[in-house]
Amino acid sequence: MQIGMVGLGKMGGRMTQRLLKAGHNVVVYDRSDEAVADLASKGAQGAESLEDLVEKLISPRSVWIMVPAGEPTESTIDELAGYLIAGDAIIDGGNSNYKDTTRRAKTLAENDIHLIDAGTSGGVWGLAEGYSLMIGGEDEAVERLQPIFESLAPAADKGWGHVGPAGAGHFVKMVHNGIEYGLMQAYAEGFEIMKSKKDFNLDLHRVAEIWRYGSVVRSWLLDLTAEALEQDQELSEIKGWVADSGEGRWTVAEAIDLDVPAPVITLSLLMRFISRQDDTYAAKVLAAMRNQFGGHAVKKS
């Protein structure tokens with residue numbers, strides 16, 4: 001099957017390689033000529049522009065975009081829409097806000113162009129392991145692209161599914177990432193508790209390896225944690241500064257809008273904010289209050 005791929009960063013490049021290995025005809029475009037040349041050397045057909053990419057595709061065309069959410073996605077879809085015709089499809093595999101996706105789908109539908117949102121999980125391991133794909137869009141367009149989804153997923157019948165209309169895929173991926181925040185925070189707190197128990201001098205890598213098999217807390221996140229601890233249990237070269245992609249924030253905002261209590265996901269998001277502050281003013285206020293009402297000692301900076 002033929003498909004265009006726009007955006008050849010870590011995810012887009014690896015997804016393209018997986019499609020090529022599955023025997024698909026992939027036309028690629030990226031602002032980086034080097035990225036295009038690299039994938040062309042692996043069997044892809046390079047394009048010099050979005051317009052050139054569309055011209056190289058056979059109707060009905062399908063273009064998968066893997067660019068940052070927000071304005072980059074908006075401008076890419078707007079430009080592509082000017083080159084596509086009725087029956088063509090755009091697949092947004094990035095982390096777009098589902099509300100933007102719903103809006104874009106309605107706009108494109110006015111010209112009978114399909115927008116499919118593919119919430120994508122798998123990170124840098126997706127090339128070897130396959131990607132989890134949460135698909136939103138019209139039945140007809142999703143069915144036509146099924147061979148692509150089957151090739152990208154861990155197996156043809158595993159790890160991917162059509163979850164609803166346009167916007168549903170990105171919505172499910174948003175909640176997926178919110179859950180991921182909570183799981184990661186729980187692991188992080190647990191390992192810090194064990195590290196702080198100096199009496200036992202625990203080998204944290206060994207603990208992680210024990211938990212990986214048979215334990216009810218085993219997971220891929222734990223596998224990755226074990227790998228990191230094997231390299232350096234002190235994590236001495238890593239600063240405890242944790243970013244958030246935005247989807248955790250969107251999940252919390254959605255929970256508030258729907259009156260759904262989500263304390264674990266919410267607190268895990270707030271803990272990421274705390275990680276970016278070496279010495280918070282709020283902590284200073286807390287220390288000052290304890291000193292004032294109880295005479296508790298404070299540490300001077």
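Biologist: Which residues in α9 meet residues in α12?

Modeller: Please note at the outset that this is a predicted model. From α9, the residues His170, Phe171, Lys173, Met174, Val175, Asn177, Gly178 and Tyr181 take part, and they meet Glu247, Gly248, Trp250, Thr251 and Glu254 of α12.

Biologist: How are the axes of α9 and α12 placed relative to each other?

Modeller: In general, a pair of packed helices is described by the angle between the axes and by the distance between them. Here the axes of α9 (residues 168-196) and α12 (residues 247-257) come within 8 Å and cross at roughly 100 degrees. Angles of 65 to 115 degrees count as roughly perpendicular, and α9 and α12 are therefore roughly perpendicular to each other.

Biologist: Let us turn to the sheet. In what order do its strands lie?

Modeller: The general idea is that strands of a sheet pair through backbone hydrogen bonds, in either a parallel or an antiparallel sense. In this chain, eight strands form an open sheet with mixed pairing, in the order β3-β2-β1-β4-β5-β6-β7-β8. The edges are β3 (45-46) and β8 (160-164); each has a single partner strand, so one side of each is left without a neighbour in the sheet.

Biologist: Which residue is the bridge partner of Ile3 in β2?

Modeller: The partner is Val26. The strands concerned, β1 (residues 2-6) and β2, run parallel and are joined by five bridges. Strand β2 (residues 25-29) is mostly covered, with four of its five residues buried. Another parallel pair is β4 (residues 62-65) with β5 (residues 89-92), over four bridges. There, Trp64 stands opposite Ile91 in β5.

Biologist: Which residue has a positive phi of about 60 degrees although it is not a glycine?

Modeller: That residue is Asp112, located in the loop between α5 (98-109) and β6. Asn201 likewise is not a glycine and has a positive phi, of about 45 degrees. Asn201 is found in the loop between α9 and α10 (204-211).

Biologist: Is Asn201 buried or exposed?

Modeller: Asn201 has a relative accessible area of 68% and is exposed.

Biologist: Where does Pro60 lie?

Modeller: Pro60 lies in the loop between α3 (50-56) and β4. The peptide bond leading from Ser59 to Pro60 is cis, with omega near -5 degrees.

Biologist: Finally, how many helices and strands are there in the chain?

Modeller: The chain holds 14 helices and eight strands. Of its 301 residues, 41% count as buried. The C-alpha trace spans about 75 × 40 × 35 Å along its principal axes. Among contacts in the chain with a separation of 6 or more, 65% are between residues 24 or more positions apart.

Notes: Residues are numbered from 1 along each chain as its sequence is written. This is a predicted model: local features need pLDDT of at least 70, side-chain atom pairs count only at pLDDT 80 or more; totals for chains, interfaces and linings use all residues. Side-chain values use heavy atoms; hydrogens and water are left out. Axes are lines fitted to C-alpha atoms, for helices over the stretch in contact, and angles run from 0 to 180 degrees between N-to-C directions. Helices (H or I, at least four residues) and strands (E, at least two) are DSSP runs, numbered from the N terminus. Angles under 35 degrees count as roughly parallel, over 145 as roughly antiparallel, 65 to 115 as roughly perpendicular and the rest as oblique. Contact means heavy atoms within 4.5 Å. Buried means under 20% relative accessible area, exposed over 50%, partly exposed in between (1.4 Å probe, protein chains only). Two strands pair if DSSP finds at least two bridges between them.
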